[in-house]
Amino acid sequence: MNQVTVSAPGKLVLFGEHAVVYGKPCIVTSVNQRMYLKAQKLSEPIFILNAPDVSIKNYKKSLKDVGIGELPKGATFVEIALKNFIEHHPIDTSGVYISTYSDFKSTFGFGSSSASTVCTIFALSKLFDVKLSNKQIFDLSYKTVLDIQGVGSGFDIAAATYGGTLFFVKGGQMIEQLSISNYKLVVGYTGIKADTPTIVKEIQAKRDKDPKFIDNIFNHIEQIVIQAKEALLKNDLEKFGSLMDENQTYLENLRVSSKILERLIKAARKAGAYGVKLSGAGGGDCMIALAPLSKKRAVEDAIEKAGGQVIKVEVNAEGVKTEN
Ligand code: PMV
């Protein structure tokens, strides 16, 4: 194979963010806004990257220098994924051209870094005919994220790899596909990009100072996630919604919410949502609301009126796959 195009879904955290970094489970769903990546073999041993969504244009270096030196921010995840792939599965002398484009903005918090990492590993495995299981794709992609960020549970990597809606435990200790009925989420973007690694480190510092307080919150969140799994499997949307509200209260207690998030969340609740919470690290990115179908439009309008941008998504999207 000389070239391949692949895609991986973005994600939203339904329940359990932050606690998942400390070994508690979370529930993540994949969304139908996707990252696309084309990989092509080159006859020279060079690496070329085009990723216009993150301002990378004709970035080029020798294959032997991949992963070495200062890397431009927009190239980091693809380049380190390439380095990790080559280290584990030495390829012939040919080089690689990669280009990416995305349905969604990298500022939404849909997991563009994870999706591009998973796309890179998957595309290279196809290009160089290396058979990898989903778990092997997950492991190599998760290693890539840890090499770069040092922190993270890997839930976003799991969503990009497996798709669907997952009950997930850190590092892929558990990745359980939940077989659920379809439901509609309303997603509101705050217009502010969250700095996930920084917020994760802040929670770490808070926990070092007062482990009892933080662990107590994480234990409550764990109970919410366990109940949420049941509610989802039973398609009990009212319970699902009330658990979202409870989870949001604990995220507010952790102080990872923000004024704008809370403004959008309040507006969505007032307009009749079953439940609303932030999704992800907090401080920005998106909030998610679960609403009765009859109230969906009113919830969307309320979010827009409160200053948010409604992003249309379908949940439970397919994991990484070959296009065409
Ligand atoms: O900000 P996001 O959407 O990447 O979500 C972060 C979720 C955390 O639990 C805070 C971190 C993690 O890696 O699980």
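The views below show a predicted model.

View 1. Lys41 is found in strand S2, which covers residues 26-42. With a relative accessible area of 25%, Lys41 is partly exposed, because that class lies between the limits of 20% for buried and 50% for exposed. Apart from residues up to four places away in sequence, Lys41 touches Met1, Asn2, Ser94, Gly95, Leu127 and Phe128. One of these residues, Met1, places its backbone oxygen 3.4 Å from a polar atom of the Lys41 side chain. The C-alpha atom of Lys41 is also separated by 4.8 Å from that of Val96, a residue 55 positions apart from Lys41 along the chain.

**View 2. Aromatic pairs formed by Phe240.** The model contains ten aromatic pairs. In one of them, Phe15 and Phe240 adopt a tilted arrangement, with 5.5 Å from centre to centre and 45 degrees between the planes. Phe15 belongs to strand S1 (residues 3-15) and Phe240 to helix H7 (residues 237-253), so this pair ties together parts that are 225 residues apart in sequence. Both partners are buried: the relative accessible area is 0% for Phe15 and 1% for Phe240. Phe240 also pairs with Tyr183 in an edge-to-face arrangement, at 5.3 Å centre to centre and 80 degrees between the planes. Tyr183 lies in the loop between strand S7 (174-177) and strand S8 (185-189), and this pair links it to Phe240 of helix H7, 57 residues apart. Tyr183 is buried, as is Phe240.

**View 3. Further contacts of aromatic rings.** Phe104, Phe108, Phe110 and Tyr189 are joined into a cluster by ring pairs. Elsewhere, a charged side chain accompanies a ring: Lys229 lies over the face of Phe167, at 4.3 Å from the ring centre.

**View 4. The buried and exposed sides of helix H9.** Helix H9 spans residues 296-305, and its buried residues include Val299, Glu300, Ala302 and Ile303. These four residues lie on the same side of H9, because they cover an arc of only 160 degrees around the axis. Arg297 and Lys305, on the other side of H9, are exposed. Among the elements that cover the buried residues of H9 are S8, helix H8 (259-270), strand S10 (286-290) and strand S11 (309-311). Just after H9, Gly307 takes a positive phi of about 105 degrees.

**View 5. Residues around the ligand.** The ligand is surrounded by 13 residues, of which Lys11, His18, Ser153, Thr196 and Ala281 are the closest. Ser153 places a polar side-chain atom 2.6 Å from an oxygen atom of the ligand. Thr196 likewise has a polar side-chain atom 2.6 Å from an oxygen atom of the ligand. Ala281 contributes a polar backbone atom, which is 3.0 Å from an oxygen atom of the ligand.

Notes: Residues numbered from 1 in each chain as written. Predicted model: local features only at pLDDT ≥ 70, side-chain atom pairs only at ≥ 80, totals over all residues. Heavy atoms only, no water. Phe/Tyr/Trp six-rings, centres within 6.5 Å; stacked < 30°, edge-to-face > 60°. Helix = DSSP H or I, 4+ residues; strand = E, 2+ residues; numbered from the N terminus. Buried < 20%, exposed > 50% of the residue type's maximum accessible area, 1.4 Å probe, protein only. Lys NZ or Arg CZ within 6 Å of the ring centre and 35° of its normal. Arc of directions from axis to C-beta. Contact = heavy atoms within 4.5 Å. Near = heavy atom within 4 Å. Polar contact = N/O pair within 3.5 Å; in protein donor to acceptor, adjacent residues only side chain to side chain.
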